[in-house]
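Here's a quick briefing to read alongside the model. Have the sequence and the 3D view ready.

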Amino acid sequence: GFEEGISRGGQTREHALLAFTLGVKQMVVAVNKMDDKSVNYSQSRYEDVKSEVATYLKRVGYKPAKVTFVPISGWEGDNITESSSNMPWYDGPTLLDALDKVSAPKRPADKSLRIPIQDVYKIGGIGTVPVGRVETGIMKPGITAQFAPSGITAEVKSCEVHHESLDEVGPGTNV
């Protein structure tokens, strides 16, 4: 349950810390299982959970006032796409509306090329193939890329997305 997830080493804590560490700036928290017999759509239980999660999110580095909390029942569909009559005390957005309000991160194409490498493959007859997502900048065949922290440079021979060669790739593209 909730207590296990928010306890030291719990998955809720782990996910919050991981999200912040990875640079996730905006967050929507779905407080699920509001239909459980032990909860029975209780506003006070929702407020307890919200308060405890908000306290932890603040400790991690988030501003709780900017985090949207939505009480839901995934099983019953409460507050997922439509407001629930089971929680008349809640007047905030549905989960879908809250997610629709999240703005896409800025991924500047005019900055230096940065691609966190997720994996490296050595393919016979082709060579070393680093894989990652372009975060900033533009990658094109023929440019010289420098790898940090080693300082090694190499020419980009091709830019491939799902085995299709492209003339250039920009921010947000997995290559």
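Two strands pair if DSSP finds at least two bridges between them. What you're looking at is a predicted model, where local features need pLDDT of at least 70, side-chain atom pairs count only at pLDDT 80 or more, and totals for chains, interfaces and linings use all residues. Residues are numbered from 1 along each chain as its sequence is written, and side-chain values use heavy atoms, with hydrogens and water left out.

**The hairpin**

- Strand 3 (residues 117-123) and strand 4 (residues 127-132) run antiparallel, joined by six bridges.
- With three residues between them, strand 3 and strand 4 make a hairpin, and Gly125 in the turn has a positive phi of about 85 degrees.

- First, the rules: on a 1 Å grid over the protein atoms alone, a pocket is an open set of points where a 1.4 Å probe fits, with protein on both sides within 12 Å along at least five of seven lines, and lining residues have an atom within 4 Å of a point. Grid points are joined across faces, edges and corners, and a volume is the space filled by probe spheres set on the points.
- The largest pocket holds about 1100 Å³ of space. It has 30 lining residues, and the closest to its centre are Val129, Pro130, Val131, Met139 and Ser158.
- Strand 4 gives the most to that lining, with five residues. Strand 3, strand 4, strand 5 (144-146), strand 6 (153-155) and strand 7 (159-161) each supply at least two.
- By class, the lining of the largest pocket has 19 nonpolar, seven polar and four charged residues. Here Ala, Val, Leu, Ile, Met, Phe, Trp, Tyr, Cys and Pro count as nonpolar, Asp, Glu, Lys and Arg as charged, and the others, Gly among them, as polar.
- The second largest pocket has a volume of about 700 Å³. Of its 27 lining residues, Phe2, Thr12, Ala30, Asn32 and Val49 lie nearest the centre.
- Helix 1 (2-6), helix 2 (11-21), strand 1 (28-31) and helix 3 (43-60) each give at least two residues to the lining of the second largest pocket, which splits into 14 nonpolar, eight polar and five charged.

**Helix 3**

- Helix 3 has 18 residues and spans 26 Å from first C-alpha to last, close to the 26 Å expected at 1.5 Å a residue. That expected span is 1.5 Å times one less than the number of residues.
- Which residues of helix 3 are buried? They are Tyr46, Val49, Val53, Ala54, Tyr56, Leu57 and Val60. They sit on the same side of helix 3 because they cover an arc of only 165 degrees around the axis.
- Buried means under 20% relative accessible area, exposed over 50%, and partly exposed in between (1.4 Å probe, protein chains only). The arc is that of the directions from the helix axis to the C-beta atoms.
- Lys58 and Arg59 are exposed on the other side of helix 3.
- Ser51 belongs to helix 3 and is partly exposed, with a relative accessible area of 44%.

**Helices 1 and 2**

- In helix 1 you'll find Phe2, which is buried at a relative accessible area of 17%.
- Helix 2 buries Arg13, Ala16 and Ala19. These fall within an arc of 135 degrees seen down the axis, so they line one face of helix 2.
- Gln11 and Thr21 are exposed on the face of helix 2 turned away from its buried side.

Conventions:
Helices (H or I, at least four residues) and strands (E, at least two) are DSSP runs, numbered from the N terminus.
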